[in-house]
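Here is a short tour of the structure shown below. Keep the sequence at hand and follow along as we go from the chain interface to some local details.

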Amino acid sequence: MDSLNTLWLSTGLANFELGQVIMMVVGCGLLYLAIARNFEPLLLLPMGFGAILTNIPVAGFSEVGGLLHYIYYAGIDTGIFPLIIFMGVGAMTDFGALIGNPKTLLLGAAAQFGIFATLFGAIALNYIPGIEFTLKDASAIAIIGGADGPTAIFLASKLAPELLGAIAVAAYSYMALVPIIQPPIMRALTSEKERKIEMAQLRPVTKIEKIIFPLGVLLMTIFFLPSATPLVGMFCLGNLMRESGVVDRLSSTAQNELINITTIFLGLGVGSKLSSEAFLNVETLGILALGAVAFSIGTASGVLMAKLMNKFSKVPINPLIGAAGVSAVPMAARVANKVGLESNPHNFLLMHAMGPNVAGVLGSAVAAGILLALVGT
Amino acid sequence: MNNMQQQFLEAGTLMLAGMVFVFVFLSILIVFINTVLAKLAVKFPDPVVASSSRTNKKSKSKNDGGVSPAVVSAISGAVKRYRSQHGQDK
């Protein structure tokens with residue numbers, strides 16, 4: 001009888017707490033979004049599964065000795081996983097469109113306003129009882145506006161590890177929602193005439209430019225913002241491997257096998273942070289709300305900057321490409337292209353939108369570096 | 001309350017400093033592209049891109065096909081003739 005009792009006590013049914021059940025449902029929700037809705041499935045699937053695993057009673061996945069505990073501490077706490085992913089993203093990025101039209105860097109800069117404006121919002125949420133965000137927390141939340149998953153996870157793991165789960169969920173959900181969030185804002189801020197603007201063809205970009213560009217970016221980061229060099233450095237390494245053309249094997253590994261392996265572990269590690277204590281509170285709701293605000297402001301400021309540039313520039317600039325400044329490569333560029341095609345079926349903006357798009361990646365890495373330098377100490 | 005004001009002030013400073021820095025950083029990058037890279041591009045032109053004024057991507061895919069201009073003109077001539085004959089048939 002005694003041993004039967006012990007057996008019962010070791011079952012999941014006897015040990016379930018309500019919070020764990022709710023978090024498992026949240027995990028299943030993420031799986032649903034990934035599988036049925038195809039929302040960022042590469043990350044949301046392992047993340048949702050990680051959320052289920054970490055909430056299994058007795059098994060202790062996220063306690064010392066548990067698998068997810070070690071995955072988290074080896075890869076996310078140290079910042080290694082997001083940085084490896086950033087290297088892969090660098091190896092996948094073609095800066096040609098940016099070098100061909102360098103002005104678009106300004107659009108990538110303008111869209112980062114979403115990040116810094118959200119800082120205010122996060123601090124303002126402190127008026128709501130039950131929410132208490134420090135400036136570090138606020139910075140980690142605000143980076144969601146950069147629309148860059150690895151950057152958000154990297155910064156959150158440094159500034160506010162206890163909010164990491166919620167921040168990662170918000171960042172990746174909104175990145176998946178870019179095609180829904182952005183178009184209404186883009187249409188509201190532009191006129192039909194502006195959306196019809198056709199842009200001049202990009203100038204040809206030579207190989208040597210593409211090789212020197214990542215080195216130049218790295219050099220500037222070393223000079224002006226060393227705190228951003230982990231992100232920018234890995235990104236430039238990946239990009240140099242791609243553009244140099246001499247290490248195709250490494251480049252292909254970085255953008256395929258390596259990034260895939262790391263994504264599995266990153267997803268699991270982030271999922272392990274989705275425990276009921278860390279996730280089921282008012283702060284998570286606040287983070288989800290702020291993430292949407294950050295995205296919207298970033299999109300709006302990118303479009304407005306493009307409108308401004310169009311007024312003063314000799315060559316026409318379609319304001320829609322400003323929305324692509326919020327990184328989220330290449331989804332945001334595709335959205336700009338799609339909205340442009342609705343107004344003018346012969347106007348393909350994709351290549352033009354890739355410029356601000358990759359500029360947004362650099363911009364959000366720079367913004368993360370600034371936040372680390374100013375708040376992280 | 002005072003604490004909140006302090007935090008708002010800090011957030012404001014951060015916003016101002018951050019935006020200014022992002023813009024300055026990326027503007028320097030623009031200057032870098034327009035001066036250093038543009039000069040390099042003139043000095044060391046790409047053999048492939050120099051021959052065509054199209055964007056890099058297009059010229060690459062053109063290269064991959066490995067079709068010489070002579071063959072292209074022969075094919076397009078044949079297509080033109082076929083089309084004109086085809087049109088007369090109707």
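The contact between the two chains takes 36 residues from chain B and 51 residues from chain A, where contact means heavy atoms within 4.5 Å. This is a predicted model, with local features needing pLDDT of at least 70 and side-chain atom pairs counting only at pLDDT 80 or more, while totals for chains, interfaces and linings use all residues. Residues are numbered from 1 along each chain as its sequence is written, chains are lettered from A and ligands numbered from 1 in the order in which they are written, and side-chain values use heavy atoms, leaving out hydrogens and water.

Chain B and chain A bury about 3,800 Å² between them, 83% of it on carbon and sulfur atoms. Buried area here is the accessible area (1.4 Å probe) that two parts lose on being put together, summed over both. Two residue pairs are in polar contact between chain B and chain A, both at pLDDT 80 or more; a polar contact is a pair of N or O atoms within 3.5 Å, and within protein one must be able to donate a hydrogen and the other to accept it, with residues adjacent in sequence counting only if both atoms are side-chain atoms. On the side of chain B that touches chain A, the elements giving two or more residues are α1 (2-43) and α3 (56-65) of chain B. α1(B) gives the most, with 27 residues. Helices are DSSP runs (H or I, at least four residues), numbered from the N terminus. By class, this side of chain B has 25 nonpolar, seven polar and four charged residues; Ala, Val, Leu, Ile, Met, Phe, Trp, Tyr, Cys and Pro count as nonpolar, Asp, Glu, Lys and Arg as charged, and the others, Gly among them, as polar.

What about salt bridges? The term stands for a side-chain nitrogen of Lys or Arg within 4 Å of a carboxyl oxygen of Asp or Glu. In one salt bridge, D94(A) meets K210(A) at 3.1 Å, N to O. The pair links distant parts of the chain, 116 residues apart: D94(A) is in the loop between α6 and α7 (96-100) of chain A, and K210(A) is in helix α15 (residues 207-224) of chain A.

| α5(A) and α6(A) | within 6 Å | roughly 60° | six nonpolar, one polar, no charged |

Finally, look at two backbone details. A cis peptide bond joins V329(A) and P330(A), with omega about -10°. E40(A), a residue other than glycine, has a positive phi near 40°.

Key
Axes fitted to C-alpha atoms, helices over the stretch in contact; angles between N-to-C directions.
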